[in-house]
Amino acid sequence: MSRSLIAAGALALMAVNVSADATTDLIESQIRKIDARIPINSIKPASIGNLYEVELGSGEVLYSDAKGEYFVLGQLYQLSDDKGFVNLTEQRANGQRKELLEAVAADDKVTFPAQGPVKASVYVFTDVDCPYCQKLHQEVPKLQEMGIAVEYLAFPRQGAGSPAHQKMVSIWCADDKQAAMTASKARQTLENKTCENPVLEQYALGQEVGVTGTPAIVTQEGQLIPGYVPAERLAAMLGITAE
């Protein structure tokens, strides 16, 4: 390939990059007109032509035209011949959840491991005072028997200083976290304990990944399943059949 062709290609690529940067800067400036304090994580071309995907600091996703004059808040779907409507917005959110939850250290979770070969694992954001969280915990032995590990993360719904927050600090600081979790879910009184713990950090993480109530189940692929789900139904959703 001649030097002239290489140079021409490099100039064309630079022009594309400059154009893209100018577009994202324009969209950002338009949003700043509404409120200069709006946090913007990223602006990049969307899966559909002539639209840009704008991720806000709240986790919400907007879609904008190239001039930042028109915005759509909602879900973007693609019609697939074999899968029907595919939710591209949710797919993107799943990937973000997966990445964030995989970064949580094993010691920061209260894990009930699968019995025998591990077929699946789920993250569960929980509040020990939540009745449906207590009900789900009664299903944990069934999930373990079916080869499904349950990895608990803290989500005290009333936030810092709430009774649930204090109880969950005691759980995360207990010598036997599993036993403390089970006792608390059975409404037994725990010994008050304090230590360096991730309870409020996980509460913030839950809000970041879209948790609005408990229990909130997240699959290994990042799919968010809100609310209580019986063991057999959850296993079926994970593609596991009870033997």
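In the predicted model, Val218 has Leu224 of strand 11 as its bridge partner. Strand 10, residues 216-219, and strand 11 are paired in the antiparallel sense over three bridges. Both strands belong to an open sheet of five strands with mixed pairing, ordered 7-9-8-10-11. The edges of the sheet are strand 7 and strand 11 (224-226); each has a single partner strand, so one side of each is left without a neighbour in the sheet. From one strand to the next, the twist averages 25 degrees.

Helix 2 (residues 88-102) packs on this sheet and touches strand 8, strand 9, strand 10 and strand 11. The direction of helix 2 makes about 85 degrees with that of strand 8. Helix 7 (residues 199-208) lies across strand 8 and strand 9, at about 105 degrees to strand 9.

The largest nonpolar core holds 31 residues, of which Ile148, Val150, Tyr152, Trp172, Met181 and Ile217 touch the most other members. Among the elements giving two or more residues to this core are strand 8 (120-126), strand 9 (148-154), helix 5 (163-172) and helix 6 (177-185). A second, separate core has 13 residues, including Leu101, Leu153, Leu205 and Leu224. Beyond its neighbours within four places in sequence, Ile217 contacts several residues, among them Val122, Val124, Leu136, Leu224 and Leu234.

The axes of helix 5 and helix 6 come within 8 Å and cross at roughly 150 degrees, which makes the two helices roughly antiparallel. Lys167, Ile171 and Trp172 of helix 5 meet Lys177, Ala180, Met181 and Ser184 of helix 6 in this contact. Four of the contact residues are nonpolar, one is polar and two are charged.

Definitions and conventions: Residues numbered from 1 in each chain as written. Predicted model: local features only at pLDDT ≥ 70, side-chain atom pairs only at ≥ 80, totals over all residues. Heavy atoms only, no water. Core = buried A, V, L, I, M, F, W, Y, C linked by side-chain atoms within 4.5 Å. Buried < 20%, exposed > 50% of the residue type's maximum accessible area, 1.4 Å probe, protein only. Helix = DSSP H or I, 4+ residues; strand = E, 2+ residues; numbered from the N terminus. Contact = heavy atoms within 4.5 Å. Axes fitted to C-alpha atoms, helices over the stretch in contact; angles between N-to-C directions. Parallel < 35°, antiparallel > 145°, perpendicular 65-115°, else oblique. Nonpolar A, V, L, I, M, F, W, Y, C, P; charged D, E, K, R; others polar. Pairing = 2+ DSSP bridges.
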